[in-house]
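Biologist: I'd like to learn how to read salt bridges in a model. Could you walk me through some?

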Amino acid sequence: PAAILYQEYSDVAINREIQRQQGKEPGTEEEGLRDEGSDGTPSPSNLSPSSSFRSSRGSAFALWQDIPDVRTSGQLDNFSNEERKLQEAKFELVTSEASYIRSLTIAVDHFMLSQELAECLGAQDKQWLFSKLPEVKGVSERFLQDLEHRLEEDILRFDVCDIVLEHCPALRRVYLPYVTNQAYQEQTYQRLLHENPRFPGILARLEEDAICQRLPLTSFLILPFQRITRLKMLVENILKRTTPGSRDEDTATKAFNELKKIIKECNSSVQSMKRMEELIHLNKKIKFEGKIFPLISQSRWLVKHGELLEVDTQTMSISGSKLKLPTKPVYLHLFNDCLLLSRRKDTWKFMVFVHAKIGQLKVKDLSQKLQGISGFIFHLQLCEDISQVQCIKSYQAQEHDELTLEKADILHAKTITSDGWVEGIRLSDGERGWFPKTYVEEITSRSARLRNLRENIRIKCVTRSRQILLLSCVRTHQRPFIFCFCSH
């Protein structure tokens, strides 16, 4: 009979696990441990595939109790229900690994090593598509070899968890880079389908081969992702059946925890890779006005993004009894540590006009306070920490581009020249101009700078006519904003 591939085994095993968790797990043979068909052969839905250990009927499916040496040992009746289940759980780990390697072999020998496929793929595409699949296969083969040797040493009472534990470092070494490559693998596969005219036809011919059993290449490429998770579940099933406080329980616990660590590290690595790819992609589309902002960072990731409406309070007016609030679109990119506000340059390019760290944001919900405006409305105050100076003695402007200063004026210092001049913007009125550096001194306290900005915003809000609740964004010229989410 044709060898059972891991894809088919995996579906059968997972369905059986679902039945077990729902309380439908078979018990002893008398209670239905083997669900036999009308011809007396074990039902495939209740058995595991094996390459090294086949039943006496020659079926590719086999339970541990169906192995001839176990049946003829005369010892099977001495095993309790739980002991039988424990041995079956251990045997399933071995047989499933054998099935897994059969599928890996097809992935490597039939697909990866295909001369026709190699001729239509570049070296980089081939690397991204198949990654370290041969290394995964090699480690898995050595793992299975040790499992089978253990099984042959004592077919009745064998353990596997110590072997799993011993192989965990090797499993981590090959699974981590393979799983991390997942994003490149998926992108490469889709790109080849759409951009490489020869790839779809060659792939279709390879998938039609009888050895693939009508399974596509993608089902072979994702096997390592599925296997490392399934391996943890298999060890967990063994752990559930070991005697509490026994050495076997201790070993199974250690193996289970190591596999959990590998899976967690794989998931973290995949997430980190996807986030970095997203940042690199965004960095190509986002430009900054003035100061360059280093967008790409290992510790940064995109949380939300989308277009909102900025309400321009400077040009709002009253028509009859209705308040008119002019709006214009603003695009927000919210990261875990910062927020970018930008305007679209075209469909997928943005010019950032302000950015701030998360700690500099203040948000207030205005949905219940601005009646008659649809959508979610909120105050967003960006208290951006900018360099400030304070006037220590009055200065009278001498040229048209200079700024007259009064003692105690607070200014945002934009430019400081080597010859002792400062270009600044006065916080109180937004006037801009040059003045001598000797007439001001720097405000070094960050808390003082932020307090000055907050006070300046408060004064503007109080004194502005027709004032409604404002959303303020402290920029170089302290321009206020109101944003609202709209249904579109």
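Modeller: Let's go through the salt bridges of this predicted model.

Biologist: What's the general idea, and how many salt bridges does the structure hold?

Modeller: Side chains of opposite charge can pair when their charged atoms come close. This structure holds 22 salt bridges.

Biologist: Which helices do D162 and R150 lie in?

Modeller: In their salt bridge, the closest N and O atoms of D162 and R150 are 2.9 Å apart. D162 lies in helix α7 (residues 161-180) and R150 in helix α6 (residues 133-153), so the pair ties together parts 12 residues apart in sequence. D162 is partly exposed at 29% relative accessible area, and R150 is partly exposed too, at 23%.

Biologist: Which residues are linked with R150 in a network of salt bridges?

Modeller: The network links R150 with E153 and D162.

Biologist: What about K261 and E258, how are they placed along their helix?

Modeller: They sit three residues apart in helix α12 (residues 247-283), which means about one helical turn separates K261 from E258. Their side chains meet in a salt bridge at 3.4 Å, N to O. E258 is partly exposed, with a relative accessible area of 28%.

Biologist: And D66, the partner of R71 in a salt bridge: is D66 buried or exposed?

Modeller: D66 is buried, because its relative accessible area is 3% and the cut-off for buried is under 20%. R71, on the other hand, is partly exposed at 36%. The side chains of R71 and D66 meet at 3.7 Å, N to O.

Technical notes: Residues are numbered from 1 along each chain as its sequence is written. This is a predicted model: local features need pLDDT of at least 70, side-chain atom pairs count only at pLDDT 80 or more; totals for chains, interfaces and linings use all residues. Side-chain values use heavy atoms; hydrogens and water are left out. A salt bridge is a side-chain nitrogen of Lys or Arg within 4 Å of a carboxyl oxygen of Asp or Glu. Buried means under 20% relative accessible area, exposed over 50%, partly exposed in between (1.4 Å probe, protein chains only). Helices (H or I, at least four residues) and strands (E, at least two) are DSSP runs, numbered from the N terminus.
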